[in-house]
Every structure is written in structure tokens, then in C-alpha cells.
Amino acid sequence: MRARKSGWSGDLMAHIIKVLNAARQDRSGTSTIELALIFPVGLLLLLGAIDSAMGFAEKLRVEAAAARAVEQITAFSRVKTDYSLARAEAAQAANVDVSDVTVTYWLECNNVVQTTFTATCTVAGSQIARFVKVGIRGKFSPVVNYGNFLTTDANGFVRVEGDASVRIQ
């Protein structure tokens, strides 16, 4: 026969053990606690997926505008040295400021970049290639502030860039 502890401390200890055993065996409310733990993680994943899709869509949009701009450049029948019109049209197509559009052009002689676009290749039989590149910087506003995980500008926008280039000669 077991000896029973006497006094209030023994009864209190027995009561605590009884309550803990009952709590351990009681499963009601478990799913609520699990949902409370998992829901914020799932919500963050969903919002992250939405932000990723928005950023990707913006990148595709500015790349399409850059591609449209280089297509318009190839419509000209001769090589030009002023592509400000293409820059303005690219900015309008991408719905960005003209300062967010860059148009660069260069000349290559035998795959060597030259210092000026209007120069001619001096070596006889050189392969001449002139290129134009349009770069556009777009932006989107994420749903969630990710702190240091996502770089934003002072207004909370994330910058994305798209470009396209074409050989015109």
C-alpha cells in the first residue's frame, strides 16, 4: 500500500498533476492555436507572392516599352546621332519621366567599341556594327514594407529596370 502525503501541499500537488494531465489529454482548441500560429506566415507568403507578381509585371511592362522604342529606331532608314525622339516616346509608352529613360549608342569595329558613334572604321575590311540601347527605369509600390529585405526609394517605391538593344548597321 502506498503512503499518502498528508497536508495541504500533498493535496495541492495532486490537484496540479490532475489538472496538467487533463490539459494534456484535452484536444479542444488545438486547431485554433495552430491556425493562430500558421495564419500570419501564410498571409505573409500570399502578400509576398502578390508583390513579386506586381514587380514582375512592371518589369515586363518597361521591357516591352523599351522593345517598342528600339523597333521604332529600326524604322528609320538611316543611322542617326540624335535619338531624343525615341527617348521621349519610350518614356510615354512606359508612363515614366524622360529622366528615367536612357538611350545609348555605340560603334564597334571588329567587335571593339569605338569612342565615337559617327566615326568610321579605319582598318580596311573591318566589320562595322552600330548599336542602340534603350533602358527604362520603372517603379511599383509593394503591398508590404519588407524593411531591409527589399530596397525602396524615399517614397516607398521599388525600382525595376528593363532594356532592349538593336543593331542598326
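The protein comprises three helices and four strands, and the model described here is a predicted one. From the N terminus on, the order of its elements is α-α-α-β-β-β-β. Of the 169 residues in the protein, 25% are buried. Among contacts with a separation of 6 or more, 64% link residues 24 or more positions apart.

- The four strands form an open sheet in the order 2-1-3-4, and their pairing is antiparallel.
- Strand 2 (112–113) and strand 4 lie at the edges with a single partner strand each, so one side of each has no neighbour in the sheet.
- Nine bridges connect strand 1 and strand 3 in the antiparallel sense; within this part of the sheet, Glu108 has Ala129 of strand 3 as its bridge partner.
- Strand 3 (residues 128–140) and strand 4 also run antiparallel and are joined by ten bridges.
- Lys133 stands opposite Ser165, a residue of strand 4.

**Faces of strand 4**

- Strand 4 spans residues 158–167, and its covered face carries Val158, Val160, Gly162, Ala164 and Val166.
- The uncovered face of strand 4 presents Arg159, Glu161, Asp163, Ser165 and Arg167.
- In a regular strand, side chains alternate between the two faces of the sheet.

**Nonpolar core**

- The largest nonpolar core contains 20 residues, and Tyr83, Val101, Val134 and Ile136 are those with the most contacts inside it.
- Two or more residues of this core come from each of helix 2 (30–75), helix 3 (84–94), strand 1 (101–109), strand 3 and strand 4.
- Helix 2 supplies the largest share of the core, namely six residues.
- In soluble globular proteins, nonpolar side chains tend to be buried together.
- Apart from neighbours within four places in sequence, Val134 is in contact with Ala66, Ala69, Val70, Ile73, Ala90, Val101, Thr102, Val103, Gly162, Asp163 and Ala164.

**Surface**

- The protein exposes about 12,200 Å², of which carbon and sulfur atoms supply 58%.
- A nonpolar patch on the surface is formed by Leu35, Phe39, Leu43, Leu46, Ile50, Met54 and Val143, which together have about 630 Å² of accessible area.
- Leu35, one of the residues of this patch, is located in helix 2.
- The relative accessible area of Leu35 is 53%, so this residue counts as exposed, the cut-off being over 50%.

Terms used: Residues are numbered from 1 along each chain as its sequence is written. This is a predicted model: local features need pLDDT of at least 70, side-chain atom pairs count only at pLDDT 80 or more; totals for chains, interfaces and linings use all residues. Side-chain values use heavy atoms; hydrogens and water are left out. Buried means under 20% relative accessible area, exposed over 50%, partly exposed in between (1.4 Å probe, protein chains only). Two strands pair if DSSP finds at least two bridges between them. A nonpolar core is a set of buried Ala, Val, Leu, Ile, Met, Phe, Trp, Tyr and Cys residues joined through side-chain atoms within 4.5 Å. Contact means heavy atoms within 4.5 Å. Accessible areas come from the Shrake-Rupley method with a 1.4 Å probe; for residues, only the protein chains shown count as cover. Patches are made of residues with over 30% relative accessible area and no salt bridge: like charges are joined within 9 Å, nonpolar side chains (Val, Leu, Ile, Met, Phe, Trp, Tyr) within 5 Å. A salt bridge is a side-chain nitrogen of Lys or Arg within 4 Å of a carboxyl oxygen of Asp or Glu.
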